[in-house]
Every structure is written in C-alpha cells, then in structure tokens.
Amino acid sequence: MATRHQVRQAVVSLLYAREMGSCSEEFVEEFLEEKKIRNDQRSLALSLFHGILEHEDELDALLNARLKEWKINEIGSIERAVLRLGAYEMKFTPTDKAVIINEGIELGKELGGDSAPKFINGVLDALKADL
C-alpha cells in the first residue's frame with residue numbers, strides 16, 4: 001500500500017507530466033497503477049490532482065501574492081507542482097499545515113533543484129501565515 005508521501009510524489013509527477021503535454025486520463029490511470037497507488041490512496045491522488053486542476057487559477061493567485069522575485073509561471077516545473085500541491089492541501093484539506101510544509105520540503109529535496117527545499121519552505125510558510 002502506498003504511503004501519503006508516495007501519493008504526493010505521484011501527484012507532483014502527474015502535474016509535471018501535464019505541463020509536458022502527456023497527461024490523458026488513461027495516462028493518469030496507468031501511472032497510478034504502475035506506482036501501485038490503489039484503493040483509498042488512489043482516490044486521494046485523484047482528488048488532489050483534479051482538485052489542483054480545478055482550482056489552478058485560484059492557487060496561482062495565492063502563490064503569486066507570496067512570491068517576491070518571480071511569478072508562478074517563471075519558476076521550475078517541479079517547484080511549481082510542489083507549491084500548487086501544498087497550496088491546495090492548505091486551502092482545501094484538513095491536513096495539518098506543518099505536515100504539508102514538511103512534505104513540500106521533502107518533495108523539493110527529492111525532485112527539485114538544490115535551492116528548492118528552502119524556496120518551497122519560504123513560500124508555503126508565508127501562505128500558512130495568511131490562511
């Protein structure tokens with residue numbers, strides 16, 4: 001059974017794949033099956049992924065208000081995906097905000113560039129203070 005962290009990794013990967021232009025519903029289903037994300041965890045992954053897509057403009061506005069030097073569309077795709085996931089979870093789920101920030105930092109370490117963890121931490125922490 002996949003962990004919540006693995007679910008978040010999959011959601012970030014799906015958001016990245018979407019930006020690269022290869023994210024049909026068939027692809028999403030195959031990807032989740034390949035990653036062995038099933039049952040309740042599959043439902044969570046799909047809920048997060050589709051929720052982010054549904055509220056993307058709202059999430060980007062929240063994030064842009066906390067970005068100092070860039071706008072959301074000017075940062076790396078992985079960092080953008082992690083920030084959108086974190087913002088969505090903070091705004092639309094009951095998950096503890098400290099857990100969300102920690103997960104964002106870990107995803108940044110695993111998937112992003114060298115400065116990603118610190119950057120993600122700063123943006124999500126600023127968002128937490130305002131929500």
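Me: Before we look at any one helix, how is the expected span of a helix defined?

Reply: The expected span is 1.5 Å times one less than the number of residues in the helix. In this predicted model, helix α7 covers residues 116-130, and its 15 residues reach 21 Å from the first C-alpha to the last, close to the 21 Å expected at 1.5 Å a residue.

Me: Which residues of α7 are buried, and how do they fall when seen down the axis of the helix?

Reply: A residue counts as buried when its relative accessible area is under 20%, and in α7 this holds for A116, P117, I120, V123, L124 and L127. Seen down the axis of α7, these buried residues fall within an arc of 140 degrees, so they line one face of the helix. The face turned away from that buried side carries the exposed residues K118 and A129.

Me: What covers the buried residues of α7?

Reply: The cover includes three other helices, namely α4 (56-64), α5 (77-92) and α6 (97-111).

Me: How should I read a pair of aromatic rings, and how many aromatic pairs are there here?

Reply: A pair of aromatic rings is described by the distance of the centres and the angle of the planes. The count here comes to three aromatic pairs. One of them joins W70 and F119, whose ring centres are 6.0 Å apart and whose planes stand at 75 degrees, so the pair is edge-to-face, given that planes over 60 degrees apart are classed in that way. W70 lies in the loop between α4 and α5, whereas F119 lies in helix α7, so the pair ties together parts that are 49 residues apart in sequence. W70 itself is partly exposed, with a relative accessible area of 41%.

Me: Which residue lies over the face of F92?

Reply: That residue is K91, which lies over the ring face of F92 at 5.7 Å from the ring centre.

Me: Which residues does the UniProt domain annotation cover?

Reply: The unreviewed UniProt entry gives the annotation "domain: NusB/RsmB/TIM44" for residues 5-127. In the model, the end C-alpha atoms of that span lie 21 Å apart, and the span is 76% helix and 0% strand.

Notes:
Residues numbered from 1 in each chain as written. Predicted model: local features only at pLDDT ≥ 70, side-chain atom pairs only at ≥ 80, totals over all residues. Heavy atoms only, no water. Helix = DSSP H or I, 4+ residues; strand = E, 2+ residues; numbered from the N terminus. Buried < 20%, exposed > 50% of the residue type's maximum accessible area, 1.4 Å probe, protein only. Arc of directions from axis to C-beta. Contact = heavy atoms within 4.5 Å. Phe/Tyr/Trp six-rings, centres within 6.5 Å; stacked < 30°, edge-to-face > 60°. Lys NZ or Arg CZ within 6 Å of the ring centre and 35° of its normal. UniProt positions renumbered as here; feature names shortened; annotations may be inferred.
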